[in-house]
Every structure is written in C-alpha cells, then in structure tokens.
Amino acid sequence: MAGLYAKLRPTNSSSSSLQSSSSMTSRLLYLLTILSVSLAVFAFVLQWRGGLPDPTTKWVNEYEPTEFRVVHGSKSVRLSSSGCVDDVLGQSRTSSFPYFRDWKFKFGSSSVSDLKPKISITTSTSAGLEQILPWLFYHKVIGVSNFFLFVEGKAASPNVSKVLESIQGVRVIYRTKELEDAQAKSRIWNETWLAGFFYQPCNYELFVKQTLNMEMAIVMARKAGVDWIIHLDTDELLHPAGASEYSLQRLLADLPEDVDMVIFPNYESSVERDDVKEPFSEVSMFKKNFDHLPKDTYFGNYKAATRGNPNYFLTYGNGKSAARIQDHLRPNGAHRWHNYMKSPKEIKLEEAAVLHYTYPKFSDLTSRRDRCGCKPTKEDVKKCFMLEFDRAAFIIASTLTEEEMLRWYREHVVWTDKALTRKLIKKGVLTRIYTPMSIIQGLKESGVFASAIASSNRDIIKEESLSSTGNRNASGYPHTTDTFPRKMGRILEPHATRKKFLEFNETDHPAIPPESPPGIDGIHLDKIPSEH
C-alpha cells in the first residue's frame with residue numbers, strides 16, 4: 001500500500017520545477033492585471049476629456065426612436081424629443097438642441113451661401129410671434145434660406161415686425177396703400193385665370209391676396225438668387241420624408257433637372273385634446289393624404305375617417321407645391337404655380353408632405369369667425385368660404401354658446417375615440433410624425449426664439465421712425481418699377497370691365513383653389529372591399 005502511494009509522491013527535483021512554474025504564472029497574471037487596469041484607467045481619462053466616444057452611447061443615439069438626426073447643409077445634429085411643453089418663447093433648464101443663445105444662421109458666409117439649392121418660402125400672415133417664430137426657424141433647420149413675409153394685423157404690429165425684420169434671410173412686406181397700388185398694376189387683373197375669385201369676401205379675398213403676393217415674391221426670389229420658391233401658410237410645416245437626410249435641400253437637390261414643379265400632398269392634423277395651446281409642439285397625429293394611401297384603404301375606411309364631417313379632410317386636400325425659379329413663372333392660386341410660356345413638368349412626391357395643422361385649437365373657431373363679416377346663414381357662407389367644413393364652423397361659432405361650441409368641437413375635430421384611433425393607425429390612415437415636434441422643442445429649449453426677440457431689441461434703432469406707416473413701408477416693400485415691369489390694368493374697376501376681362505385670353509390655365517379630397521359620391525362602394 002505504501003509502495004503504491006510512494007509512486008505518486010513527487011521527487012525533490014519535480015517539486016522545485018512546479019514551484020518555479022507557479023511563480024512565473026503568478027507574475028504573468030499580476031502583469032496582465034496591472035495592464036488591464038492601466039488600459040481601463042487610460043480609456044476612462046480619454047473619454048472623460050472627450051477624446052474617445054462611448055460606442056454604446058453612439059448606438060443609442062443612432063437607433064433610439066425618440067431621437068432624430070437632422071442635417072442642415074453639411075452639419076448633422078441630433079435632436080432629442082425630451083422635455084416638457086412650456087411657453088413657446090420660454091426656456092427650459094436643460095438644452096438638448098446643439099445651438100447656443102444668440103446663435104444665428106450665417107447665410108452670408110461662403111460655407112453656407114454656396115449650398116444648393118437655395119430655397120425660399122413666401123407667406124401671407126396676420127399671426128403672432130408664438131406661431132411665426134417656431135414655423136420660421138423649423139424651416140431654417142431643414143434648409144430654407146429666404147422668407148418673404150407679407151404681414152398685416154398682429155404680424156404687422158411693431159412688437160412682432162421688429163423681431164421678424166431682425167432675422168437674417170427674412171424680408172417683411174407690409175399691407176399698405178402703396179402695396180395695393182402696386183398690385184393694382186399687376187397683369188393678373190387683366191387675365192382670366194383668377195377672375196372667378198375677384199370681388200368676393202373672406203376666403204375668396206384672401207385667395208386673391210395670396211396670389212398677388214406670390215407674384216411679387218417671385219421677383220424678390222429672383223433678385224435674391226433663389227432656386228426654388230414655395231407658398232406656405234404659417235399653420236403648415238414641410239415634412240421632407242423620403243430624402244436621404246431630413247432636409248428639404250437634399251430632397252430638392254435629388255430631383256431631375258428638368259422638373260419644374262413639385263407637389264407636396266398635405267396631411268391634416270388630428271388633435272386628441274380640446275386644450276391644445278401650441279400645435280407644433282403638442283400634435284403628433286396626422287391623417288394621410290389620399291395620394292399616399294392605396295385606394296381600397298382610403299375608400300374602405302372613408303366613413304370611419306370622416307366621422308360625420310362633410311369630407312375626409314376638414315379643409316383642403318390638394319396639397320401645396322414648390323416651383324423652380326425660371327422665366328415666365330407665375331402663381332396659379334395659393335396651391336400651385338404655372339408658367340406663361342409652357343406646360344411645366346410637375347411631379348408628386350410619394351413620401352414628403354405638408355403638415356397642415358387644421359383647427360388645432362378650440363379658439364380657432366372664434367378667431368376665424370372674427371376675421372369674416374359674413375352672415376351666418378347657409379346661403380351667405382357659400383359666398384364667403386370655399387369648403388364645407390369652414391362654412392359649418394363659421395355658423396357654429398356665430399350662433400352657439402361657448403359650451404355648445406366646445407361640445408361640437410369635440411365631436412367633429414377632436415379624436416376622442418381611442419379604439420377608432422388605434423384602428424385607423426393600424427390601417428395606415430392615421431400616422432404619428434414626431435420629427436417636427438422634436439425640432440421645434442429643441443429650438444425652444446435652446447432659447448432660440450427668446451434669443452431672436454432679445455437680439456432684435458439690441459439692434460441699432462433705425463433713423464426713421466417705424467411708427468410712420470409710410471416710412472416703414474418705404475423700407476419694407478419693393479418699388480413698383482422693380483416688381484411689375486408689365487402694367488396692364490387697374491384694380492376695382494366696374495363690373496362691366498370685369499366682364500370684359502373674361503372675354504379674352506381664354507387659354508389661361510385656371511387658378512387651382514383649395515379642394516377637398518375625393519369623396520364617395522359616384523363611387524360604387526360595393527366594389528371596394530370594406531376594411532374592418
């Protein structure tokens with residue numbers, strides 16, 4: 001037994017060898033441990049000093065659904081959708097948007113001025129800063145460089161217009177007698193394509209005014225070296241989906257050179273509360289346009305999506321368009337452009353859209369009512385409004401109590417049926433779009449809007465007083481000789497003259513008004529499968 005165990009007992013020489021090997025292993029493990037700890041400390045120091053990005057953070061930033069990457073020119077920035085909704089002109093304690101206070105877009109610098117294409121937006125507005133500033137800076141972020149703002153009402157007040165005039169790339173044009181005299185000499189008044197909208201109140205008057213302003217904006221855009229021009233209202237945001245970057249510049253740059261005009265189908269906001277105060281920051285659900293839906297989906301869910309309203313959309317459904325600046329360009333109503341000398345090549349985008357924030361606030365009922373002196377009868381509202389829902393809303397706002405108005409608003413505008421909402425989202429009729437909201441929240445959190453106001457207050461006071469309408473207009477609107485080289489008539493002529501207008505140039509392409517989406521009238525619904 002002893003002999004058996006004696007064979008397993010190590011000799012002195014083998015014992016010494018094992019001890020030496022164990023000592024070397026211990027030293028090696030010790031050195032590896034020291035090396036690992038040193039590398040970890042070195043990496044930590046580098047990361048703490050900003051020299052080494054954390055790959056896990058990079059992964060989260062690129063793929064987390066609540067964050068978006070926006071490209072302005074050659075600079076890519078990350079926007080976070082975090083943060084609560086405060087006052088539009090206010091600030092939060094944290095800043096998730098990578099711009100700093102007093103930051104400005106330096107469009108005069110060589111690095112930015114060379115960016116193509118150069119895009120402009122023209123609008124006619126009476127809104128305040130709480131609406132115009134988010135709208136304006138959002139479009140700057142996605143690549144718009146020039147803005148031609150035709151202002152009146154609140155937008156023309158000194159407290160608002162002074163801020164707008166101080167923003168680079170913005171030109172403010174006031175609604176004055178001089179402007180109206182200049183527009184009276186426009187060739188539009190001697191042509192037939194817009195004549196059907198002349199001498200009518202409210203929406204018809206606005207439509208003509210917008211068209212005349214668009215004509216002036218074309219001349220301004222050419223002088224500014226702009227490549228594209230878009231007419232947009234201040235309750236609409238462009239959504240450049242489908243581009244390789246969230247950039248309007250990229251979207252238009254990728255178009256074939258022979259494309260003259262681009263149609264952006266509009267989506268309509270679908271509010272889920274009756275107490276919305278800041279639509280751009282609070283509304284994320286939209287109803288898709290007919291052009292972006294399969295026909296069976298559209299007509300199969302038409303009744304459910306309409307919810308007892310006159311049409312699929314509350315207001316218009318024929319989108320807005322962008323036009324390449326070129327010779328003989330003219331407006332064709334507020335929704336389209338045309339060319340005097342040719343039939344322009346026009347394409348319709350499959351993913352990009354105009355986000356139209358339609359009646360997003362309960363107060364929109366009364367504010368729209370107060371802008372029109374029409375009688376609240378079914379016959380009279382037809383003379384004042386082009387679309388059925390606008391007519392109904394005007395009558396409701398003019399005849400009901402506030403409590404009754406709120407009840408009607410909740411039934412016809414607010415999406416309170418959660419089951420129906422989930423169904424239509426699943427079908428693709430409704431969709432969630434967060435990117436514009438995230439951008440505008442980021443701009444607000446960084447104090448961009450407050451900075452614009454503060455910056456205007458620090459600007460040097462002009463020598464001539466802005467309180468005088470004439471002096472203000474002298475610097476704010478283009479001279480007649482610059483804007484209208486062709487003078488062919490006067491405004492507000494007798495009806496006999498208006499009839500004469502309709503007797504010539506009948507080949508003019510008629511103006512395209514706001515139009516409702518396709519309805520089910522004349523459609524055989526039994527041939528379209530109903531979706532459940």
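Predicted model: local features only at pLDDT ≥ 70, side-chain atom pairs only at ≥ 80, totals over all residues.
By class, seven nonpolar, seven polar and three charged residues make up the lining of the second largest cavity. Rolling a probe the size of a water molecule over the atoms shows where empty space is left.

The protein has 22 helices and 16 strands. Of its 532 residues, 48% are buried. When contacts between residues at least 6 apart in sequence are considered, 76% of them join residues at least 24 apart.

One helix pair can be looked at in more detail. Two packed helices are described by the angle between their axes and the distance between the axes. For helix α5 (residues 129-141) and helix α19 (residues 448-458), the packing angle is about 110° and the axes lie 10 Å apart. Because angles of 65 to 115 degrees count as roughly perpendicular, α5 is roughly perpendicular to α19. On the α5 side, the contact is made by L129, L133, P134 and F137, and on the α19 side by V448, F449, A452 and I453. Sorted by class, this contact has eight nonpolar residues, with no polar and no charged ones.

Two individual residues round out the picture. K209 sits in helix α8 (residues 203-223). This lysine counts as buried because its relative accessibility is 15%, and the cut-off for buried is under 20%. Apart from neighbours within four places in sequence, K209 is in contact with E152 and R175.

P117, by contrast, belongs to a loop, the one between α4 (110-113) and β3 (119-125). P117 has a relative accessible area of 8% and is therefore buried. With residues up to four places away in sequence not counted, P117 touches D227, W228, Q249, L252 and A253.

Technical notes: Residues numbered from 1 in each chain as written. Heavy atoms only, no water. Axes fitted to C-alpha atoms, helices over the stretch in contact; angles between N-to-C directions. Helix = DSSP H or I, 4+ residues; strand = E, 2+ residues; numbered from the N terminus. Parallel < 35°, antiparallel > 145°, perpendicular 65-115°, else oblique. Contact = heavy atoms within 4.5 Å. Nonpolar A, V, L, I, M, F, W, Y, C, P; charged D, E, K, R; others polar. Buried < 20%, exposed > 50% of the residue type's maximum accessible area, 1.4 Å probe, protein only.
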